[in-house]
Amino acid sequence: ASVYSATQTNTIFALSSGNLPKVCEAIQKAFPKVELVVAADNDEAGIKAAKASGRPYATPKKQGYDWNDVFVEEGEEAVREGLKGARLPTPMFTHVADIEMKPPAWLIQGMLEKEALTMCFGSPGAGKTFAVLDMALSIAAGKDWHGKDVEQGLVLYIAGEGHAGFARRIAAWSQTHDVNLADVPFYKSNSAVIVNDEASATELHQELQRMANAVGKPKLIVLDTLARTMIGDENSSERVGEYIKALDDVKSEYGCTILIVHHTGHSNKDRARGSSVMYGALDAEFKVGQWGDLKILIENTKMKDAEEPEPMAFLKVTVPLTTPNGLETSSLALEYTPDKPRSKKDPEFIRQVILDQIKSVDEFGEAPRADLKEAVGLELECSQRTANRHIKKLIDEGVLALRGGCVVVA
C-alpha cells in the first residue's frame with residue numbers, strides 16, 4: 001500500500017519473500033511486456049528473493065527496513081526516490097569471453113581516474129588541501145588542470161576542517177583562473193559527515209539522492225579529512241574496513257570518484273598513517289610534500305590499473321583579495337612549474353651537495369670531516385654513517401682529499 005501510494009503504479013503483493021520469485025515468473029508469463037520492479041525488504045530473505053526474481057530491485061537504505069518503514073519515517077517522496085535506484089542484480093560470475101577490455105577513463109587525464117577510490121596525503125601544512133581543491137575546482141569548472149584534460153561534472157566537497165579559510169582559497173582559485181564561481185557546480189558541506197556511522201551515512205545518501213535529482217549525479221566527492229569523516233581508530237582494520245565499505249556503496253550507486261585527504265604517518269612521512277587496509281583498497285594514491293618555502297610536489301605513490309604519472313611541482317602564489325565589505329586579505333593559488341627537486345639518491349646531486357657544504361664551511365674548499373658529515377646528513381636526510389660513505393666515495397675517486405682531520409677539494 002505504501003509503494004502504491006508513493007508511485008501510483010500498479011503494485012502486486014507477493015505475500016512472502018519465498019513466494020516473490022514465483023509471482024514474478026507468473027506475472028511475466030501472463031504479461032510479457034510488463035516491466036516488473038521489486039520493492040524488496042532490506043533483510044537477508046528479502047534481498048535473496050529479489051535477486052532470485054532476476055528483476056531490477058531496490059531496498060531501503062537502513063538494514064531491516066521495508067518500504068512502509070521509509071514511508072512512515074520519511075514520506076512518499078523518499079519511497080519514490082528510493083525506488084528510482086532499482087537495478088538488476090549483478091551476476092556473481094562472467095565468462096572470460098564476455099569481459100570487455102576498456103582503457104582507463106579519466107576525470108583528470110593520466111592523473112585522476114573515474115569511478116575510483118583515491119587518496120591524497122601529506123604532512124600538516126604541506127599544501128594537500130590546496131592541491132585537492134585545485135583538482136576539484138578544475139573538474140567542476142571543466143577547465144584543464146595545468147595542461148591535462150578534465151571531464152567536467154558536479155563536485156561535492158565534504159569539509160571536516162579549514163572552514164574559515166575555504167572561501168578565500170576558492171576565491172583565489174577563481175581569480176587566478178578567471179572563472180565565475182556562480183557557474184561552477186561545486187558544493188561544500190557545512191559540516192563533517194561521519195561516513196561509517198549509520199545515521200550519518202543514511203543522511204548522506206538522502207542528500208546525495210536529493211542533489212542527484214536537482215543538479216545531477218556527482219562526478220567527484222572529496223572527503224577532507226579521513227580523520228574528520230570516520231568514527232573509530234584509523235589503525236583498526238575493522239573500522240577502516242567499515243569506512244571503505246561505506247565509500248564503495250556511494251561510489252557504486254553514483255558512479256563517482258572518491259578522493260580522501262589524509263595525513264602522513266607519525267614516524268614515516270612517506271606513507272599515510274593508519275591501517276594498511278586502506279592502502280590495499282585504493283585505486284590510486286598521491287603524496288603532497290613541501291619543497292622549499294614556496295613550492296609543493298605531487299608524487300604518485302600508487303596507480304593500480306594505469307601508468308604512474310610523473311611528479312608535478314607547483315609554486316604557491318599569493319593572491320591579493322578584497323572581501324565584499326572592502327577589506328583586503330589574501331590566499332594562495334598553485335602555479336605549475338617544470339622545475340623538479342633532484343633525487344637525493346642521484347650520484348651527481350650527492351656530489352654537488354657535498355661540494356656545496358664544503359664551500360659553505362670554508363670558501364677555500366676545506367671543512368672538518370665531522371662537521372661535513374653532519375651537514376651532508378642533514379641536507380640529504382640520511383644518517384652520518386651514510387653521509388661519510390658518500391664523502392669517502394668522492395675521496396676514492398680523487399674529487400676530494402684528506403688533510404689532517406679536514407676534507408678538501410682536490
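Leaving aside neighbours within four places in sequence, which residues is leucine 204 in contact with? In this predicted model, leucine 204 is in contact with Ile158 and Val193 once those neighbours are set aside.

**Leucine 204 and histidine 205 in helix α8**

- Leucine 204 is found in helix α8, and histidine 205 is found in this helix too, which covers residues 198–215.
- Leucine 204 has a relative accessible area of 15%, so it counts as buried.
- Valine 193 is 11 residues from leucine 204 along the chain, and the C-alpha atoms of the two are separated by 7.3 Å.
- Histidine 205 counts as buried because its relative accessibility is 12%, and the cut-off for buried is under 20%.
- Not counting residues up to four places away in sequence, histidine 205 touches Lys61, Val250, Glu253 and Tyr254.

**The largest pocket**

- The volume of the largest pocket is about 1400 Å³.
- The pocket is lined by 43 residues, and those closest to its centre are Thr59, Pro60, Lys61, His205 and Glu253.
- Two of these, Lys61 and Glu253, are also among the residues that histidine 205 touches.
- Helix α8 gives the most to the lining of the largest pocket, with 8 residues.
- Elements that each supply at least two lining residues include α3 (44–53), β2 (57–58), α4 (67–74), α5 (76–84) and α10 (237–254).
- By residue type, the lining of the largest pocket divides into 16 nonpolar, 13 polar and 14 charged residues.

**The nonpolar cores**

- The largest nonpolar core has 39 residues, and Met111, Trp145, Tyr157, Phe186, Leu220, Val222 and Ile298 have the most contacts inside it.
- Helix α6 (residues 128–141) gives the most to this core, with 9 residues.
- A second, separate core has 29 residues, including Val193, Met211, Leu247 and Leu282.
- Phenylalanine 186 touches Leu133, Ala136, Leu137, Ala140, Val155, Tyr157 and Phe166, not counting residues up to four places away in sequence.

**Cavities**

- The count comes to 3 cavities of 30 Å³ or more.
- The largest cavity has a volume of about 70 Å³.
- This cavity is lined by Phe130, Leu133, Asp134, Leu137, Arg169, Trp173, Leu332, Ala333 and Leu334.
- Two or more of the lining residues come from each of α6, α7 (163–177) and β13 (328–337).
- Helix α6 gives the most to the lining of the largest cavity, with 4 residues.
- The lining of the largest cavity divides into 7 nonpolar, no polar and 2 charged residues.
- Leu133 and Leu137 in this lining are also touched by phenylalanine 186.

**Aromatic pairs**

- The count comes to 5 aromatic pairs.
- One of them is formed by tryptophan 145 and phenylalanine 314, which are 5.6 Å apart centre to centre with 45° between the planes, a tilted pair.
- This pair links distant parts of the chain, 169 residues apart: tryptophan 145 is in the loop between α6 and β6 (154–159), and phenylalanine 314 is in strand β12 (residues 312–322).
- Both tryptophan 145 and phenylalanine 314 are buried.
- Ring pairs join Trp145, Phe314 and Tyr336 into a cluster.

How values were computed:
Residues numbered from 1 in each chain as written. Predicted model: local features only at pLDDT ≥ 70, side-chain atom pairs only at ≥ 80, totals over all residues. Heavy atoms only, no water. Buried < 20%, exposed > 50% of the residue type's maximum accessible area, 1.4 Å probe, protein only. Contact = heavy atoms within 4.5 Å. Core = buried A, V, L, I, M, F, W, Y, C linked by side-chain atoms within 4.5 Å. 1 Å grid on protein atoms, 1.4 Å probe; cavity = no way out; pocket = protein on both sides within 12 Å on 5 of 7 lines; lining within 4 Å. Points joined across faces, edges and corners; volume = space filled by probe spheres on them. Nonpolar A, V, L, I, M, F, W, Y, C, P; charged D, E, K, R; others polar. Phe/Tyr/Trp six-rings, centres within 6.5 Å; stacked < 30°, edge-to-face > 60°.
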